[in-house]
Amino acid sequence: MSMFKWDLVDPKPGEAVMPHQRLAWGKTAGLGAQHVVAMFGATFVFPLVMGLDPNLAILFSGICTILFLLICNNKVPSYLGTSASFVASVAAIRGLGGDSADVTGAIMVAGVVLLLVGVLVHFAGAHLIHKILPPAVTGAVVMLIGFNLAPVVAGIYWPQDQWVALLTATFMVCAAVLFPGFWSRIAVFLALIFGYLLSWVFDGVFGQITSVPGGATEAVAHDRVSWTGVQAADWVGLPSGNLADGVSVVHGPSFSLTFILLVLPGVIALIAENTGHVKAVAEMTGEDLDPYMGRAIGADGFATAIASAFGGSPTTTYAENIGVMGATKVYSTAAYYVAAAVAILLGLCPKFGAVVSATPGGVLGGITVVLYGMIGLVGAKIWVENRVDFGNPVNLVGLSAGLIAGIGGVTMKFSDNFELSGIALGTILVIVFFHMINRGHESASNRGADEVTEAL
């Protein structure tokens, strides 16, 4: 059967549409557009907070989604949007004086590493992941990635407009929990619109605000919403221009070992994310997708490397779109091809990207204060779902030092040109300490068992 041939079905209410099936093209197009809306908010917000171009991000999200589907032989329906796993590392890189080329170069290497992990998993089996990165370790790394971002919110976004930030965060929290069905799944997108409109109203009622806008070094009086860039942008064209740090929107990567080590912990988060999403899709569809686990991980790594090679944002499979499938019971990969095509078209509209780039800092403050906390708590969720026992000293002691080092920003300086700090150091300590004492604990337990046996 051709990869691009889907069986046309007309399911009864509540009946699932499988990956190799599709609805009529009109309905499929509608579902594809729904997937675009679901991924839209996060796919645009994360490039903004990383200082990358949102238009280029959505363009590559469409391209990378198609690559993912092809590599997975259309067996794993999923959308690849912008990953949050590298946001904290990017903040650290910029804090050390790195620019956007340094950011994309480091992420490109991380993508290649993830690709190699996928190849290894494909041939060795998914059990390899659980052996090297058990839930206790994965949860800790994801947690420190999220909580390491707290200073970014407090120091950069929130101060730009604290009241808009507070009201936007309040709206997002309520929308994510209280809104019905699909609307709760696009809470980020709705919060973006709410904050935008609120900032526009505040400009009209209270006038300009004095704060340090994004890219500036000192406080100035400015409008919350400025569409100067929107008016100058073309309706159709490739992403172009310069980023806030002066680097071209489309640019080649630059490589630094220090910066690369800062982003590598994000690979662990992506492995956990991809593994969890493939398992979720397998559970919903009732199909065995373990043979495609390595392909999914490798495809995400390849997509991240390709996007970063041109200055784009890193990618990952999106829980938002998996949620849409869960709600609709339509798992057709045809809908994802439609979504990818729509995303590519949006990416080729510079004016659309300029609207997103003009998002007020206070709005980003409100959204990120919730999103970053959620990223951190996903780590705790991994612990709870896998029943990690913190009564066991291997878990309690083995993870503690890495968490504090990572979240607190502890630094180990090896030379004038090389140091480890924050997430990179925290991740290394988590993995090394956990496996070191876990192996020692198992050896001690085995010796104790042998002694009891001899005594008997």
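User: Which residues are linked in a network of salt bridges?

Analyst: This is a predicted model: local features need pLDDT of at least 70, side-chain atom pairs count only at pLDDT 80 or more, and totals for chains, interfaces and linings use all residues. A salt bridge has a side-chain nitrogen of Lys or Arg within 4 Å of a carboxyl oxygen of Asp or Glu. The linked residues are D161, D203 and R224.

User: Are D161 and R224 buried or exposed?

Analyst: The side chains of D161 and R224 form a salt bridge, 2.7 Å from N to O. D161 is in the loop between α7 (150–157) and α8 (162–178), and R224 is in the loop between β5 (220–222) and α11, so the pair ties together parts 63 residues apart in sequence. Helices (H or I, at least four residues) and strands (E, at least two) are DSSP runs, numbered from the N terminus. With buried set at under 20% relative accessible area, exposed at over 50% and partly exposed in between (1.4 Å probe, protein chains only), D161 and R224 are both buried.

User: How many residues apart are R94 and D245?

Analyst: R94 and D245 form a salt bridge, with the closest N and O atoms 3.0 Å apart. R94 is in helix α3, and D245 is in the loop between α11 (228–232) and α12 (257–263). The pair links distant parts of the chain, and the separation is 151 residues.

User: Why does E385 count as exposed?

Analyst: E385 and K381 form a salt bridge, with N and O 2.7 Å apart at the closest. Both lie in helix α18 (residues 361–385), 4 residues apart, which is about one turn of the helix. K381 is partly exposed at 48% relative accessible area. E385 counts as exposed because its relative accessibility is 53%.

User: Leaving aside neighbours within four places in sequence, which residues is V87 in contact with?

Analyst: V87 is one of the buried residues of helix α3 (residues 87–95). Contact means heavy atoms within 4.5 Å. Beyond those neighbours, V87 touches F46, V49, M50, L149 and Y372.

User: How many aromatic pairs are there?

Analyst: Rings of Phe, Tyr and Trp (its six-membered ring) pair if their centres lie within 6.5 Å; planes under 30 degrees apart are stacked, over 60 edge-to-face, and the rest tilted. The count of pairs is 9.

User: Why is the pair of W6 and W25 edge-to-face?

Analyst: The ring centres of W6 and W25 are 6.1 Å apart. The pair is edge-to-face because the planes stand at 90°.

User: How far from the centre of the W235 ring is the charged end of K351?

Analyst: A charge sits over a ring if NZ of Lys or CZ of Arg is within 6 Å of the ring centre and within 35 degrees of the ring normal. The charged end of K351 sits over the ring of W235, and its distance from the centre is 5.3 Å.

Notes
Residues numbered from 1 in each chain as written. Heavy atoms only, no water.
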